[in-house]
Amino acid sequence: MNCDKCRTKAMKIAAAEEGVISVAIEGAEKDRVVVIGDGVDSASLTRCLKKKLGYAALDSVEEVKPKPKPDQKPKPDPEPAPKTCCQSQSVFIASMGYADEPNCSIM
């Protein structure tokens, strides 16, 4: 990417893809677009960048795992909140026995 306009265009295209969380420009010459997301279709993104910018190559795809903090203790599960609904509902289903009669006037 030679100019700021191309970098901006590449960032807009990448940000519009489904599942993208963040987009950044990296590299010594600011020629790499780094896309972080969940469920991003890398082939579709590369194809779209090629179509709009003229050149794009997929460098790598890797899973990003969060770094655990060594001093952090696991959080206990919170207690479930008590139900605050004061209204109770009851459903009453009654069988009247009309289905057994062949000459039912209602049906």
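**Reading guide.** Buried means under 20% relative accessible area and exposed over 50%, with partly exposed in between (1.4 Å probe, protein chains only). This is a predicted model, so local features need pLDDT of at least 70 and side-chain atom pairs count only at pLDDT 80 or more, while totals for chains, interfaces and linings use all residues. Residues are numbered from 1 along each chain as its sequence is written, and side-chain values use heavy atoms, with hydrogens and water left out.

**View 1. The protein chain as a whole has two helices and two strands.** Helices (H or I, at least four residues) and strands (E, at least two) are DSSP runs, numbered from the N terminus. Read from that end, the elements run α-β-β-α. Of the 107 residues, 11% count as buried.

**View 2. Eight residues make up the largest nonpolar core.** Such a core is a set of buried Ala, Val, Leu, Ile, Met, Phe, Trp, Tyr and Cys residues joined through side-chain atoms within 4.5 Å. Look here for Ala-10, Ile-13, Ala-14, Val-20, Val-23, Leu-45, Leu-49 and Ala-56. Helix H1 (4–16), strand E1 (20–26) and helix H2 (42–53) each supply at least two of the core residues, and H1 gives the largest share, three residues. Leaving aside neighbours within four places in sequence, Ile-13 is in contact (heavy atoms within 4.5 Å) with Leu-45, Cys-48, Leu-49 and Lys-52.

**View 3. Glu-17 sits in the loop between H1 and E1.** Glu-17 is buried yet has no salt bridge, that is, a side-chain nitrogen of Lys or Arg within 4 Å of a carboxyl oxygen of Asp or Glu. The nearest side chain of opposite charge, Arg-47, is 8.1 Å away; Lys and Arg count as positive and Asp and Glu as negative, with His and the chain ends not counted. Apart from neighbours within four places in sequence, Glu-17 is in contact with Asp-41, Ser-44, Leu-45 and Cys-48.

**View 4. Ile-21, Ile-36 and Val-64 make a nonpolar surface patch of about 310 Å².** Patches are made of residues with over 30% relative accessible area and no salt bridge: like charges are joined within 9 Å, nonpolar side chains (Val, Leu, Ile, Met, Phe, Trp, Tyr) within 5 Å. Ile-21 lies in strand E1 and counts as exposed because its relative accessibility is 67%.

Terms used: Areas by Shrake-Rupley, 256 points an atom, 1.4 Å probe, with all protein chains shown as cover.
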